[in-house]
Amino acid sequence: HVETFIELNDLDARSAEMLRESAPMAALHVIGLLGTENSFLLRGVRTPGAVVATRLRKAATAMGPRGEAFAQLAKLMEDFITTNRLAGEVAERFRGLPRNQ
């Protein structure tokens with residue numbers, strides 16, 4: 001998941017390395033697969049590396065429960081639809097899949 005995030009968001013080498021070297025739970029927060037604060041695709045961002053650095057700092061200082069994995073499943077699915085250019089009926093069928101699939 002981390003490598004896909006790096007590629008899709010066009011991270012620079014320094015930011016990509018910081019993310020790869022981060023703790024697994026922190027990385028999941030940064031890429032939006034854990035918790036509800038972040039998204040997988042960085043839209044409308046001038047400097048993706050700065051966003052990743054900020055997310056890493058926040059993840060490192062987070063206290064309390066880490067959140068539910070895939071808490072933003074609907075958002076992740078929309079990002080998948082956008083990234084893969086799914087349209088019409090295919091996108092609707094994808095959206096209609098049960099969570100356990």
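**Exercise 1.** Are F5 and F40 buried or exposed? Classify the geometry of their ring pair and locate both residues along the chain.

*Solution.* The model is predicted.
Step 1. Both F5 and F40 are buried.
Step 2. In the pair of F5 and F40, the ring centres lie 5.5 Å apart and the planes meet at 70°; because planes over 60 degrees apart count as edge-to-face, the pair is edge-to-face.
Step 3. F5 belongs to helix α1 (residues 2–8), while F40 sits in the loop between α3 (24–30) and α4 (48–61), so the pair ties together parts that are 35 residues apart in sequence.

**Exercise 2.** Classify the pair formed by F80 and F94, and determine the exposure of F80.

*Solution.* 
Step 1. The rings of F80 and F94 are 4.9 Å apart, centre to centre, with 25° between the planes, and the pair is stacked; the cut-off for this class is under 30 degrees.
Step 2. F80 is part of helix α5 (residues 73–83) and F94 of helix α6 (residues 88–95), so this pair ties together parts that are 14 residues apart in sequence.
Step 3. F80 has a relative accessibility of 39% and therefore counts as partly exposed.
Step 4. The buried residues of α5 are L76, M77, D79 and I81, and α6 is included in what covers them.
Step 5. Just after α5, R85 adopts a positive phi of about 55°.

**Exercise 3.** Describe the largest nonpolar core and the surroundings of L11.

*Solution.* 
Step 1. The largest nonpolar core comprises 15 residues, and F5, L11, L19, I31, F40 and V52 have the most contacts inside it.
Step 2. Two or more residues of this core come from each of α1, α2 (13–21), α3 and α4.
Step 3. Leaving aside residues up to four places away in sequence, L11 touches F5, I6, A16, L19, P48, G49 and V52.
Step 4. In soluble globular proteins, nonpolar side chains tend to be buried together.

Notes
Residues numbered from 1 in each chain as written. Predicted model: local features only at pLDDT ≥ 70, side-chain atom pairs only at ≥ 80, totals over all residues. Heavy atoms only, no water. Phe/Tyr/Trp six-rings, centres within 6.5 Å; stacked < 30°, edge-to-face > 60°. Helix = DSSP H or I, 4+ residues; strand = E, 2+ residues; numbered from the N terminus. Buried < 20%, exposed > 50% of the residue type's maximum accessible area, 1.4 Å probe, protein only. Contact = heavy atoms within 4.5 Å. Core = buried A, V, L, I, M, F, W, Y, C linked by side-chain atoms within 4.5 Å.
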